[in-house]
Amino acid sequence: RASARALWSDSTNMAFMATGLPPLPVGDVYQLWFFLQDAPLTAGLIEPDPNGSTTVMIEVPDAVTLPVAMAVTIEPTGEMSTPTGDCYLLGKPPM
C-alpha cells in the first residue's frame, strides 16, 4: 500500500515523502502534480528507491498557493505538461 505526505511552510519549498510505491514497467515514471483551479501543474518526476520510498524537496512555483490538492500519476518516460496516465495517489488538504 502506497502513501504520501507533503509538508510545507511559508517558504518556497515543500518536502514530499512517499512509501510503498510499486516498481513500474520500463518506460513509465511517477509524476507529481499540483492541482490548481485553472489546470494541473507539474511538480516534477518521482524516482522511488528499490523499497518504493522517496523523499524530495520541491520548489513551489509562485503560481501555487499552498495547500492545494496533489496527485501522483503514472506517465510515459519524460515529464508531461498535463497528466495523461493513471492517477496512483491523490491528496487534498484538510479543510
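Read from the N terminus, the elements of the chain follow the order β-β-β-β-β-β-β. The count is seven strands and zero helices. The radius of gyration is 13 Å, close to the 12 Å that the globule rule gives for 95 residues, so the chain is as compact as a globular protein of that length. The model is predicted.

**Overall dimensions and surface**

- The C-alpha trace spans about 35 × 25 × 20 Å along its principal axes.
- The chain has an accessible surface of about 6,100 Å², and carbon and sulfur atoms account for 54% of that surface.
- Of the 95 residues, 31% count as buried.
- Among contacts between residues at least 6 apart in sequence, 58% join residues that are at least 24 apart.

**The sheet**

- Strands of a sheet pair through backbone hydrogen bonds, and the pairing can be parallel or antiparallel.
- In this chain, four strands form an open sheet with antiparallel pairing, in the order E4-E3-E6-E7.
- The edges are E4 and strand E7 (87-91), each of which pairs on one side only.
- From one strand to the next, the twist averages 25°.
- Six bridges connect E3 and E4, which pair in the antiparallel sense.
- Trp33 has Thr42 of E4 standing opposite.

**The nonpolar core**

- In soluble globular proteins, nonpolar side chains tend to be buried together.
- The largest nonpolar core of this chain holds 17 residues.
- Two or more residues of this core come from each of strand E2 (13-19), strand E3 (28-35), strand E4 (40-46) and E6.
- The residues with the most contacts inside the core are Met14, Phe16, Leu32, Phe34, Ile46, Ile58 and Val72.
- Ile58, one of these residues, has contacts beyond its neighbours within four places in sequence: Thr12, Asn13, Met14, Phe16, Leu32, Phe34 and Ala43.

**An exposed loop residue**

- Where is Asp62 placed? Asp62 is in the loop between strand E5 (54-59) and strand E6 (69-76).
- Asp62 counts as exposed because its relative accessibility is 76%, and the cut-off for exposed is over 50%.
- How many residues apart in sequence are Asp62 and Phe16? The two are 46 residues apart in sequence, and their C-alpha atoms are 18 Å apart in space.
- Phe16 is among the residues with the most contacts inside the largest nonpolar core, whereas Asp62 is exposed.

Notes. Residues numbered from 1 in each chain as written. Predicted model: local features only at pLDDT ≥ 70, side-chain atom pairs only at ≥ 80, totals over all residues. Heavy atoms only, no water. Buried < 20%, exposed > 50% of the residue type's maximum accessible area, 1.4 Å probe, protein only. Core = buried A, V, L, I, M, F, W, Y, C linked by side-chain atoms within 4.5 Å. Contact = heavy atoms within 4.5 Å. Pairing = 2+ DSSP bridges. Axes fitted to C-alpha atoms, helices over the stretch in contact; angles between N-to-C directions. Rg over C-alpha atoms; globule rule 2.2 N^0.38 Å. Areas by Shrake-Rupley, 256 points an atom, 1.4 Å probe, with all protein chains shown as cover.
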